[in-house]
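Dear colleague,

I am passing on the structure we spoke about, and I would be glad if you could look it over with the notes below beside you.

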Amino acid sequence: MTHYDKILFGDKMITSLDNPKIKYLQKLSQAKNRKKEARFVVEGKHLVEEARKLDLLIEAYSIDDIPNYTQISKAVMEKICNTDTVISEIGLCKMLSDDKISNKVLILDAIQDPGNMGTLMRSAVAFGFNTIVLGEGCVDIYNPKVIRSSQGAIFKLNFLNKNLLEFLPTISKYKIYGTDVVNGVELDNIIAYKNIAIVLGNEGNGISKEVKNLIKENIYIPMLNTESLNVSVAGSIIMYKLRG
């Protein structure tokens, strides 16, 4: 039982920051507390309703008096929101927990930018890479900026946090590809295998040397008039091409 489970439902409009529910929501602004409680907050009507449809919503809050929401004052919402402008709705959600690995896997080595992470999530959902393996150094996927950027994709994926040096040898049945513009094979020449894993590296440094040493084959995207692409753009192109 989490701390939140001990807090009673059914309040009238909440106007105090000392309310235990509000304190709990504020507590979840820290990654360590999100992990401990297996709970996180989403902001905006779209994300709240996505969580509700997938039965991942614990409680929704709004500054308006509407059905299925706990009403809170605008001043309280201002303290909870991580956006520049105050939104009208937020939701408390539970984290998914699933150790199954899909046949198409996206493996991320120290992806740090929230926008890149969110975009990769959206593309992974769109192209059937339903498991994302997060290596050390990756941004917290429950960071509010990541959640907003994911546009609901965070509810539709299976996430595994792994030490990649230990994890990669355990998926020998998968065709594993890294990315390398010098020693890679052109993307158009790659076959979309049934069991495939794509490894993408850090925005500035790429795949770490230690992880790269475990990858036998690499691919590259042929380009005109530029030497590189943003990791989320490159990853999206690769997932589209290998979607099967």
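Predicted model: local features only at pLDDT ≥ 70, side-chain atom pairs only at ≥ 80, totals over all residues.

Seven strands make up an open sheet with parallel pairing, and their order is S7-S6-S5-S10-S8-S11-S9. Because S7 and strand S9 (185-186) stand at the edges and each has a single partner strand, one side of each is left without a neighbour in the sheet. At the S7 end, strand S6 (residues 131-134) pairs with S7 in the parallel sense over four bridges, and Leu134 has Asn161 of S7 as its bridge partner. Helix H9 lies across strands S5 (104-108), S8 (175-179), S10 (196-200) and S11, and runs at about 165° to S10.

The largest pocket holds about 660 Å³ of space, and of the 25 residues that line it, Met95, Ile141, Tyr142, Phe159 and Asn161 are the closest to its centre. Helix H2 (31-37) and strand S7 (158-161) each contribute at least two residues to this lining, which by class consists of 12 nonpolar, five polar and eight charged residues.

The second largest pocket holds about 490 Å³, and of its 23 lining residues those closest to the centre are Thr179, Val181, Ser228, Leu229 and Ala234. Strand S11 (217-220) and helix H9 (231-241) each supply at least two residues of the lining, with the largest share, three residues, coming from H9. By class, the lining of the second largest pocket has 11 nonpolar, eight polar and four charged residues.

With best wishes

Notes. Residues numbered from 1 in each chain as written. Heavy atoms only, no water. 1 Å grid on protein atoms, 1.4 Å probe; cavity = no way out; pocket = protein on both sides within 12 Å on 5 of 7 lines; lining within 4 Å. Points joined across faces, edges and corners; volume = space filled by probe spheres on them. Nonpolar A, V, L, I, M, F, W, Y, C, P; charged D, E, K, R; others polar. Pairing = 2+ DSSP bridges. Contact = heavy atoms within 4.5 Å. Axes fitted to C-alpha atoms, helices over the stretch in contact; angles between N-to-C directions.
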